[in-house]
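Dear colleague,

I am passing a structure on to you, and my notes on what was found in it follow below. Please read them with the model open beside you.

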Amino acid sequence: MSQQYPQNPQQPYQGGPAGYPGGPVPPHQPQSEKSWFARHKVLTVVGGVFAFMVVVGIAASGGDDSGKGSDTAATAPQKQAAAEPAEKADDKAALEKELSQADRFKAFIEENGTAAEKAAAGHITKVQGADESNGILDSADVYTDFTGGMMGPHQGEGKLLASAFADWKDSENGLVTIYDEKGEILSNGNF
């Protein structure tokens, strides 16, 4: 019983001379490694053409002012006339930003509301969340100096304020909650 053992423990012994079935396996010879660009010629050419087109596009539009002409004597008076209404709109927007949300809501009711809404607007103390809109669930809170909560005597005024708020602000999925002076819900509504 003669048993042969392999000389190299990493190379399995196959039992016969090299070149014959069952013979020793020659060691693995690594193939020459080519770069990624050499192995993917088509993708390299497509990428190069795309990069060239991007560079040409940037170079072609480099000096353009997006259709804005220079300020010549013919266009300057038109720009001044267009700037005056824009300045008035900016002044109005700046004035509105100086006012609190409650003051802007009261001003809206004073200008567009019914007599009952105007009377209820006199009881507004604070408005929160009227300027914030996330498109998912817009929520605003209106605080008043009414008493009694949802079952109290001022529930009707709360509904009027919720309705006026819906006229003032518009949202696809908004909820306005009207609170009394103790923080209890007086009314709520969609806006």
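How many of the 191 residues of the chain, as a percentage, count as buried? The share is 20% of the chain, where buried means under 20% relative accessible area, exposed means over 50% and partly exposed lies in between, with a 1.4 Å probe and protein chains only.

Before the details, a word on the basis of these values. This is a predicted model, in which local features need pLDDT of at least 70 and side-chain atom pairs count only at pLDDT 80 or more, while totals for chains, interfaces and linings use all residues. Residues are numbered from 1 along each chain as its sequence is written, and side-chain values use heavy atoms, with hydrogens and water left out.

The chain holds six helices and four strands, taken as DSSP runs numbered from the N terminus (H or I of at least four residues for helices, E of at least two for strands), and their order along the sequence is α-α-α-α-α-β-β-α-β-β. Among contacts with a separation of 6 or more, 48% join residues 24 or more positions apart, a contact being heavy atoms within 4.5 Å. The accessible surface is about 14400 Å², with 56% of it belonging to carbon and sulfur atoms; such areas come from the Shrake-Rupley method with a 1.4 Å probe, and for residues only the protein chains shown count as cover.

Phe105, in helix H4 (residues 101–112), is buried with a relative accessible area of 0%, and, leaving aside neighbours within four places in sequence, Phe105 is in contact with Ile124, Val127, Val142, Leu161, Ala164, Phe165 and Trp168. Phe52, in helix H2 (residues 41–61), is exposed at 56%, and together with Val45, Val49, Met53 and Val56 makes a nonpolar surface patch of about 510 Å². Patches are built from residues with over 30% relative accessible area and no salt bridge, where like charges are joined within 9 Å and nonpolar side chains (Val, Leu, Ile, Met, Phe, Trp, Tyr) within 5 Å.

Two salt bridges are counted, each being a side-chain nitrogen of Lys or Arg within 4 Å of a carboxyl oxygen of Asp or Glu. Arg104 and Asp131 meet at 2.8 Å, N to O, and this pair links Arg104 in helix H4 with Asp131 in the loop between strand S1 (124–128) and strand S2 (138–144), 27 residues apart. Asp131 also bridges to Lys169, the closest N and O atoms being 3.8 Å apart; here Lys169 sits in the loop between helix H6 (155–168) and S3, 38 residues from Asp131. Arg104, Asp131 and Lys169 are thus linked in a network of salt bridges, in which Arg104 is buried at 16%, whereas Asp131 is partly exposed at 41% and Lys169 is partly exposed at 21%.

Lastly, please look at Asp180, in the loop between strand S3 (174–179) and strand S4 (185–190). Asp180 is buried yet has no salt bridge, and the nearest side chain of opposite charge, Lys182, is 6.8 Å away. The backbone nitrogen of Lys182, however, lies 3.0 Å from a polar atom of the Asp180 side chain. Beyond neighbours within four places in sequence, the contacts of Asp180 include Thr144, Phe146 and Leu186.

Notes
Lys, Arg positive; Asp, Glu negative; His and termini not counted. Polar contact = N/O pair within 3.5 Å; in protein donor to acceptor, adjacent residues only side chain to side chain.
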